[in-house]
Amino acid sequence: MAQWKRRAIFLPPNGPTPQQVAAEQERLNEKIHVLTEELHELDRRLPKMARTIRRARMRHRCTQPNYPLPANGHNDLLSRLQYKRSRILRSIFLCNRRKVNAVPRGFSRNHGFPSVEAYELGPPSCTCVFCGAVMWPEECTYATRSHTNPKFSLCCKQGKVKLPPRRNPPEFLKQLLESENPLSRHFRQFIRQYNGVFCFISLGGKVDRNINDGRGVYVYSIGGQIYHSIGSLLPPEGQPPRFAQLYIHESTSELQSRLNVFSSDQTGNSLRPEIIEGLQEMFDQYNILVHTFRTAREILSEGSVQQMQLKLLAKRQQDGREYDLPTANDVAALIVDDTGQDTFEPDIVVQYQSSKLERVSYYHPSLMALQYPILFPYGEDGWHPAISSAGDEDANLWNDNNLTQCDYYSYRLHTRFHESSSLLLSGKLFQQYVVNAYALVEAEHLDWIRNNQHKSSLC
Ligand SMILES: [Zn+2]
């Protein structure tokens, strides 16, 4: 197990939007305008005041030359006005300086990062008695904070969430994830690109490519609506195969086709053929989704059928709390004749040949395995609504009382000694997975609000 070291992280507040910055600059401009008017008014009054004082002094000297000048109200007023003028000039200077990098009120001046000192927690010294997650004592529930054996809710809601342990990856992938040889380090550096070479579906959204400017740790940032799409079994006429089509398309060299996926990208030239070849063999041997697409390829190559659809099934016969690897019957159905077939909504129907992309429902158990084959090398199921809570023995499949996505990912993102840590060792791809999972959790919340608006008392 890797050396445990963790610091408390104080998340920075969200930075100001461009509109907020523009509004702040506008406010400063108005303030500068008011101050300038005030300064001009003072500049008109001050010479008059100085002239009046000068004349009074001259009169005084003429009448009483042997006595010192008297202290009068004009002197005091003049000094106050001169002081006020200097303060106005300073305010104008400060406003002009703040305009250069305007930060609205309520935001931290140092680019949103509060200047707090890191707090060293030390290694995690506790284990959850329910699920075996490795935890820090500070993460225990408030009620058990003074107990000798504190309890934890973050990982498994005190035993209410129960999922099958993650299995060890195949040896080839395990070496790539854990070894320190140059090839493994290269794989981990380009792990997102290698995953992109083998994924079945595409991830839609606006990826922020400017956020990684060479400073700090790698950040995966995506905005807008996030969706997953899948193409047809065969690419449209004249177009190269992409994503799942690479598993079916008959070509002289599948390896070269996969290398061409990133040919327009600079990183594409860096991908190593020996890694792609090894991963391809590994998926052919172990991944149940790859087996399904290979079967479709064999049927198509026989030439006995002209039209065919592949339906990736969403319903599972097994309990999702005990098994995460679907059986061959659970995964897919090949549909040769399309008439009169019942389609369960979250099923993924892959058309024979089309230029249209189909959206993939986030309720589908294989969604993450299709998007992240390197994280799910066996084609394991991810979250789906039919996983019941441990305390909900009589729960029916696909009802409203089963495990939520949030609980599922809270459980999965913890480390346990009795299961593989391959997910946490996947670096940049793990970051992308977590961001994607968060987007799906948000999508589930929005769906719930959309479907329950009539029940809400606020509407
Ligand atoms: Zn637990």
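Q: What makes helix α5 (residues 191-198) largely enclosed by the rest of the structure?
A: In this predicted model, 6 of the 8 residues of α5 are buried, so the helix is largely enclosed. The cut-off for buried is 20 or more other C-beta atoms within 10 Å, and the residues of α5 that reach it are I191, Y194, N195, G196, V197 and F198.

Q: Which helices are included in what covers the buried residues of α5?
A: The cover includes α4 (182-189), α7 (254-259), α8 (273-286) and α13 (427-451).

Q: Which residues make the contact of α5 with α13, and how do they divide by kind?
A: From α5 come I191, R192 and N195, and from α13 come G427, K428, L429 and Q432. They divide into 2 nonpolar, 3 polar and 2 charged residues. Gly counts as polar in this scheme, so G427 of α13 goes with the polar ones.

Q: Which residues touch the most other members of the largest nonpolar core?
A: That core has 54 residues, and the ones touching the most other members are Y194, F200, I201, A244, Y372 and I374. Y194 is also one of the buried residues of α5. Leaving out residues up to four places away in sequence, Y372 touches N195, C199, L429 and Y433. N195 and L429 also take part in the contact of α5 with α13.

Q: What makes β5 (202-207) and β10 (358-359) edge strands?
A: The open sheet has 3 strands in the order β5-β6-β10, with antiparallel pairing. β5 and β10 each have a single partner strand, so one side of each is left without a neighbour in the sheet.

Q: Which residues lie on the covered face of strand β7 (residues 309-312), and which on the uncovered one?
A: L310 and L312 form the covered face, while Q309 and K311 form the uncovered one. In a regular strand, side chains alternate between the two faces of the sheet.

Q: What are the bridge counts that join β7 to β8 and to β9?
A: β7 is joined to β8 (residues 332-335) by 4 bridges and to β9 (residues 348-350) by 3. Both pairs run antiparallel. L310 stands opposite L334 in β8, and K311 has V349 as its bridge partner in β9.

Q: Why is N96 called exposed?
A: N96 is found in helix α2 (residues 73-100). The cut-off for exposed is 12 or fewer neighbours; N96 has 12 C-beta neighbours inside 10 Å, so it counts as exposed. The C-alpha atoms of N96 and Q25 are separated by 9.5 Å, although these residues are 71 apart along the chain.

Q: How many of the residues of the whole chain count as buried?
A: The share is 23% of the 459 residues. The secondary structure of the chain comes to 13 helices and 10 strands.

Conventions:
Residues are numbered from 1 along each chain as its sequence is written. This is a predicted model: local features need pLDDT of at least 70, side-chain atom pairs count only at pLDDT 80 or more; totals for chains, interfaces and linings use all residues. Helices (H or I, at least four residues) and strands (E, at least two) are DSSP runs, numbered from the N terminus. Two residues are in contact if their C-beta atoms, placed from the backbone, lie within 7 Å. Two strands pair if DSSP finds at least two bridges between them. A nonpolar core is a set of buried Ala, Val, Leu, Ile, Met, Phe, Trp, Tyr and Cys residues joined through C-beta atoms within 7 Å.
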